[in-house]
Number of protein chains: 2
Amino acid sequence: MVGHVFYSEAMPSDDTFLRRAVAVLTAFRADDDGLGAAELARRSGLPRSTAHRIALDLVEAGLLERQGPRVRLGLKLFEIGQRVPRQRVLRDAAVPYMSDLREATRQTVHLAVLEGAEVVYVEILGASDAPKMPSQVGGRLPAHATGVGKAILAFSPPEVVQRVLDAGLVKVGERTVVAPGLFTRELARIREEGVAYDREESGNGILCAASPVLGPDGEAIGALSVSGWSNRMRLAAVAPAVHTAALTLSRTLAHR
Amino acid sequence: MVGHVFYSEAMPSDDTFLRRAVAVLTAFRADDDGLGAAELARRSGLPRSTAHRIALDLVEAGLLERQGPRVRLGLKLFEIGQRVPRQRVLRDAAVPYMSDLREATRQTVHLAVLEGAEVVYVEILGASDAPKMPSQVGGRLPAHATGVGKAILAFSPPEVVQRVLDAGLVKVGERTVVAPGLFTRELARIREEGVAYDREESGNGILCAASPVLGPDGEAIGALSVSGWSNRMRLAAVAPAVHTAALTLSRTLAHR
């Protein structure tokens, strides 16, 4: 049925307007409330009159909300975002196992997916006495510096790993692995054992054990991790737990 | 600073394109994965060629993702949605109290806000043996048929309540209150006591006690609730708990 498919050959029409609208939407950061036209223009790189006009259009369309003389991201974007299948399917299946992991380990549990050279956190169940961590739901961190990122990369095609190496292994925490040779050897070790470790690589004083959630083809579709204070959590004690939960979750998803 | 404000008098420019883009984005439902052009056209009410072209533009802009011959909502929408202040500020403050409520009551805990005549669920912490409920995070239910909706409406301006009455009190569950006089008397009772009840009004066999999260002006900015099986949960036992947590959360928010 010809009309049902999206041809790769078809050229998209002029989407300048849409690109500008996306530039305005992505100008808002996680800790922003309302922004004015000047700030929107500065962050989106658009002329102020253009940013102002597009913000008004986005208010009309219900994607932004007025807040006095400023605008902020509207609730409709939250509603649409919750329907995104890549996070919803994985999270809905994962949350019961994440709860069990938190109860069994008394540590913070993360669920993340890979996007380019970064991980995006899909769900976080925090322990009550957890350290302040750099991760937040919907937020990103460089994949190479995190347990979940390394667990996913160890079970990803070579071109995906290459993209991360090409992006550069920047130093994020005190002990981020930044040498490409060391990094690829570590991925080989993770592939063998099924568990990745982050020893103060994403943040000082924080340890993490992570394990991949595998799809039917054996490639990672995400990863689970358990994180805690380096002086209060033993990696050897939590690693088998996170590995078990990730294997169970992978099997659950395969049976759907 | 003139350029910093959004004039209410300013007329938005032609936003036909944006309206169409929003029609395509909102055509996706919570349980959809990829959709084809014909289905997108049918749901959005756009001609098929238009739906097809806009979907390609949205892929280019990173808001949709290709999935074989279909398209689906992209991860970027989830990331933007997580930054929406109306849900983020409330949820970040509420989650610790919601965890405590779930632990103390062993029941399912909801957090919701009002949007028009409906409530939007911002967070749900499910109990392990909870009944299947009609609520989901990012999903909507008619406000008048839910505990959280009634708790919010009892602490909202008269015009907000009138909008709900104008929308019509449709029957949702076996015992939804559909008589306007009865409904407004119930709101008066909730205003007195600070707790709203849902006795199989949103779903059969399910009970709920809810309490408003109040802003500095005494108006509701959201509501917390505890829900469970009608034959396993006593409303009298959970009502003081949810009322306590909602009062604590209101005070926490006021001190920020």
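In the predicted model, helix H9 (residues 235-254) of chain A lies across E6, strand E7 (206-214) and strand E8 (220-229) of chain A, running at about 20° to E7(A); axes are lines fitted to C-alpha atoms, for helices over the stretch in contact (heavy atoms within 4.5 Å), and angles run from 0 to 180 degrees between N-to-C directions. Helices (H or I, at least four residues) and strands (E, at least two) are DSSP runs, numbered from the N terminus. Residues are numbered from 1 along each chain as its sequence is written. Local features need pLDDT of at least 70, and side-chain atom pairs count only at pLDDT 80 or more, whereas totals for chains, interfaces and linings use all residues.

In chain A, six strands form an open antiparallel sheet in the order E5-E4-E3-E8-E7-E6, two strands being paired if DSSP finds at least two bridges between them. Strand E5 (140-142) and strand E6 (196-199) of chain A stand at the edges with a single partner strand each, so one side of each lacks a neighbour in the sheet. The twist averages 30° from one strand to the next. Strands E3 (residues 108-115) and E4 (residues 118-125) of chain A are joined by seven bridges, and Val113(A) has Val120(A) in E4(A) as its bridge partner.

Between the chains, 70 residues of chain A are in contact with 70 residues of chain B. Six salt bridges (a side-chain nitrogen of Lys or Arg within 4 Å of a carboxyl oxygen of Asp or Glu) are counted between chain A and chain B, and the side chains of Glu65(A) and Arg86(B) meet in a salt bridge at 3.8 Å, N to O.

Key: Chains are lettered from A and ligands numbered from 1 in the order in which they are written. Side-chain values use heavy atoms; hydrogens and water are left out.
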